[in-house]
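User: Please go through the open sheet and the pockets of this model with me.

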Amino acid sequence: MNPDRLLRTFTQLVRIDSPSRYEGGMARCCAQKLEALGFEVRFDCSRAVTGSDTDQIIAFRKGAGRGRVALSAHMDCVQPCEGIELRVEDGVIRSAGDTILSSDDKAGVAQILEAIESLDESDSPAPDIWVLFSTCEELGCLGAGAYPDDLLPQGTLCLVMDADGPAGSIVVEAPWKWNFDAVFRGKSAHAGVDPEKGRSALQMAARAIELMPLGRHDEGTTSNIGTLEGGMARNVVAERCRLSGECRSLDEQKALELKDRIDGALEAGARKFGGTVEIDWHLQYPGFSFPEDDPDVRMLMEAACGVGLQPRLESTGGGSDANVLGEKGARALCLGTGMTDFHTPAEHISLADLQGAASLVEEVLAGSGRRS
């Protein structure tokens, strides 16, 4: 692993503006770098689904050694992520202004590129390698959901470089997440002349929220209301409103039970004030759970130790492309890149973690190339 080259790559990527749906500059840069490393680079047809200005990168390189590994990261960032400048102080990389740093997920992209190039400079035979750089991950893994279902051979180990926590962190549990949109319908009336003739959709929604189980329910289960929109004017009883929310859990059954309880609250709210509600649920992404004795987990722990990292098995309440890629047949595990306070201007990453995660990926590639 070449620390100076890794930092140069990360710095170059950070300076490319790539908010969600505007990842074209990142995609062109990454494609050029992968082609220089000998990859066959193609783009999928995802922009019709995501609305991005670019399709996603699917790159493949046949290895001289045994084994196969996929490496994944996303190219988009949350705002404010334009015009980013960074500074390095006391071994830590920070944003030099009021923007985020964009280590989520440009650290992951840089670590993947450095691991491959460093492996090529070693004497280790490389396995077959796929590199997947997605768009619109920050919009609920929208890009990964648009990958083809036959993206990878079944059972391919896929390392998704997109978790917080120090290098050596291995996310072995992530939640099932359900999203809902509920539309309440009542009857409009003049609020000052004859309000009794109206049926307020906003009252229905308020009652539903009051009845609804919200917040943290246990260590791995939460639910939330995100938006409430409705009404036309302050002097009109609201005929219609829209409520959006979610529930998620590390336990699939608990997520389904919570979903049913939210349904009951929504329907009770509509009934209370003489209206109706239409509820639309969709599974944003499935969860995953790997036991500690899973062969790939054990291999990752040993690889972390092999490069001087402390392996840490983690659960998360958030989702990533790993949730979606697992549904497409990969054995997808999310690894810590070292990003800290991400999605805020206080975001930072240590040089030690930036380098450590790249070394871990290189070690996994080298080990896979040697294994039968």
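Predicted model: local features only at pLDDT ≥ 70, side-chain atom pairs only at ≥ 80, totals over all residues.

**Sheet and pockets**

User: In E13, what is the bridge partner of Val183?

Analyst: Strand E9 (residues 176–185) and E13 run antiparallel and are joined by nine bridges. Strands here are DSSP runs of E, at least two residues long, numbered from the N terminus, and two strands pair if DSSP finds at least two bridges between them. In E13, Val183 has as its bridge partner Glu278.

User: Which strands stand at the edges of the open sheet?

Analyst: The sheet has five strands, paired antiparallel, in the order E10-E11-E12-E9-E13. Two of them have a single partner strand each, so one side of each is left without a neighbour in the sheet: E10 (215–218) and E13 (276–285).

User: What volume does the largest pocket have?

Analyst: A pocket is an open set of points on a 1 Å grid over the protein atoms alone, where a 1.4 Å probe fits, with protein on both sides within 12 Å along at least five of seven lines; lining residues have an atom within 4 Å of a point. The lining has 31 residues, with Asp162, Thr316, Gly318, Gly319 and Phe342 nearest the centre. Grid points are joined across faces, edges and corners, and the volume is the space filled by probe spheres set on them. For the largest pocket this is about 530 Å³.

Technical notes: Residues numbered from 1 in each chain as written. Heavy atoms only, no water. Helix = DSSP H or I, 4+ residues; strand = E, 2+ residues; numbered from the N terminus.
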